[in-house]
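Here's a quick briefing to read alongside the model. It goes sheet by sheet, then turns to a few single residues.

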Amino acid sequence: MDVKQMDREYVANTYARFPLQITKGKGSVAEDETGKKYIDLCSGIAVNSFGFADDIWQNAVAAQAAKLQHVSNLYYTEPCAKLAEMLCWRTGMKKVFFCNSGTEANECAIKAARKYAAEKKGKEYYTILTLKNSFHGRTYAALSATGQDALHKDFQPLVPGFVYAEANNIEDLRAKAEENKLAGILFECVQGEGGVNVLEQAFVDEIARLGKERDILIMADEVQIGNGRSGKLYGYMNYGIEPDIVSTAKGLGGGLPIGATLFGGKAEFVLKPGDHGSTFGGNPICCAGAISILERLTPEFLDEVQRKSRLIFQKLQGKKGIRCLTGVGLLIGIETERPAADIINACMERGVLTLGAHGKIRLLPALNIPDTLLEEALDVIIAVCGE
Ligand SMILES: *Cc1c(COP(=O)(O)O)cnc(C)c1O
């Protein structure tokens with residue numbers, strides 16, 4: 001049996017994989033089992049912040065693996081403490097809880113918001129407002145928070161206490177906040193899976209205002225847009241707001257599973273010993289990898305992310321077969337005349353990896369993709385869209 005057959009035979013059938021087996025990669029170039037090369041504009045869904053097998057990241061991870069791979073949360077370790085300090089210093093947040101994925105980072109946020117509200121306002125204040133078309137993960141509370149009926153339908157009953165407002169509809173947001181006893185508001189400032197929809201400044205301002213007015217927790221889901229992808233360290237920083245909780249994962253680890261929930265001053269002391277935990281949370285190897293990523297997300301580097309973003313917009317805008325572009329930084333959605341799936345497959349055949357998002361093409365290249373590779377890949381996209 002070859003790898004594809006074996007996978008289809010034995011791996012649970014939850015993914016519609018592309019017919020492509022990737023065997024290795026370096027930077028923004030992936031290679032399949034036949035030796036064919038692909039320019040990668042996915043970075044493992046916004047995970048490989050510095051591409052495949054990046055030397056600096058690899059050294060940080062390998063050095064830590066050779067020293068200490070895991071001790072559990074019964075003991076202190078340096079990488080965990082150091083990463084938490086870095087995250088707090090870079091964001092102004094006060095405390096960090098470490099887990100292993102985006103969905104878990106959101107689970108922690110949701111638990112904290114409910115505990116905060118129960119203590120401050122009463123047990124009946126448990127409802128979390130999220131947005132339609134959002135994506136917050138696959139575990140039960142995060143799935144319940146996700147505003148997409150298609151993902152809910154076979155898994156009833158969901159966790160109770162979630163309401164969904166329409167993104168960028170301030171009236172709807174206010175009405176839902178009025179009608180429900182809220183514990184918090186959870187939102188992505190750029191909806192990734194939901195089709196690369198960017199929240200407007202006025203809408204985000206209103207979320208922040210409601211948080212203050214009602215003394216509820218404002219939670220930014222930065223799992224996809226965070227860690228430099230927006231051209232700022234975290235996406236919410238483009239809006240000048242200060243969330244009470246930030247959840248992050250994907251790009252933070254540069255390729256290893258790590259999630260983090262950051263607590264601001266209002267929420268700093270909500271969770272107490274015994275309230276929450278994760279065996280692997282704060283794992284030294286994952287934290288060492290994440291430290292090496294964060295260290296490189298300097299203001300100069302983030303300016304480069306913004307420049308690459310402008311390059312993509314300039315090159316693609318107005319081209320034949322391309323209707324419009326949405327997104328921020330290096331999370332970009334392309335609405336095309338031809339079906340997105342056709343474009344994605346045609347690009348793959350010509351050696352460019354892209355992904356979809358609600359009928360659009362989604363680009364999530366490594367943050368350090370060289371201009372030459374980026375332009376080469378964009379030329380392929382332009383050619384395919386124009387056919
Ligand atoms: C991917 C994603 C998640 C879920 O992350 P996992 O690591 O797959 O659990 C949550 N929120 C957003 C915004 C995401 O893009």
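This is a predicted model: local features need pLDDT of at least 70, side-chain atom pairs count only at pLDDT 80 or more; totals for chains, interfaces and linings use all residues.

Residues are numbered from 1 along each chain as its sequence is written, and side-chain values use heavy atoms, with hydrogens and water left out.

- Strand 12 covers residues 259-263, and five of its five residues are buried (buried is under 20% relative accessible area, exposed over 50%, partly exposed in between, with a 1.4 Å probe and protein chains only).
- In a regular strand the side chains alternate between the two faces of the sheet.
- Here both faces are covered, with Gly 259, Thr 261 and Phe 263 buried on one side and Ala 260 and Leu 262 buried on the other.
- Strand 4 (residues 95-99) also runs antiparallel to strand 12, through five bridges.
- Val 96 sits opposite Leu 262, while Ser 247 faces Thr 261.

**The 13-14-17-16 sheet**
- Four strands make up this open sheet, in the order 13-14-17-16 with antiparallel pairing.
- Strand 13 (322-328) and strand 16 (355-357) are the edges, each with a single partner strand, so one side of each has no neighbour in the sheet.
- Neighbouring strands are turned by 35 degrees against each other on average, direction ignored (axes are lines fitted to C-alpha atoms, for helices over the stretch in contact, and angles run from 0 to 180 degrees between N-to-C directions).
- Helix 11 (residues 299-316) packs on the sheet and touches strand 13, strand 14 and strand 17 (360-363), its direction making about 170 degrees with that of strand 13 (contact means heavy atoms within 4.5 Å).
- Helix 12 (residues 340-349) lies across strand 14, strand 16 and strand 17, at about 45 degrees to strand 17.
- Strand 13 and strand 14 (residues 331-336) are joined by six bridges, and Leu 325 stands opposite Ile 334.

**Leu 331, in strand 14**
- Leu 331 belongs to strand 14 and is buried, with a relative accessible area of 0%.
- Its contacts, not counting residues up to four places away in sequence, include Val 190, Ile 225, Thr 326 and Leu 363.
- Leu 331 and Gly 231 are 100 residues apart in sequence, yet 9.7 Å apart in space, C-alpha to C-alpha.

**The 1-2-3-15 sheet**
- This open sheet has four strands in the order 1-2-3-15, with mixed pairing.
- Strand 1 (22-26) and strand 15 (352-353) are its edge strands, each pairing on one side only.
- Strand 1 pairs with strand 2 (residues 29-32) in the antiparallel sense over four bridges, and Ile 22 has Asp 32 as its bridge partner.
- Helix 13 (residues 371-385) lies across strand 2, strand 3 (37-40) and strand 15, at about 100 degrees to strand 3.

**A loop residue**
- Asn 48 is in the loop between helix 2 (43-46) and helix 3 (55-67), and counts as buried at 13% relative accessibility.
- Leaving aside neighbours within four places in sequence, Asn 48 is in contact with Ser 43, Gly 254, Gly 255 and Ala 366.

Definitions and conventions
Two strands pair if DSSP finds at least two bridges between them. Helices (H or I, at least four residues) and strands (E, at least two) are DSSP runs, numbered from the N terminus.
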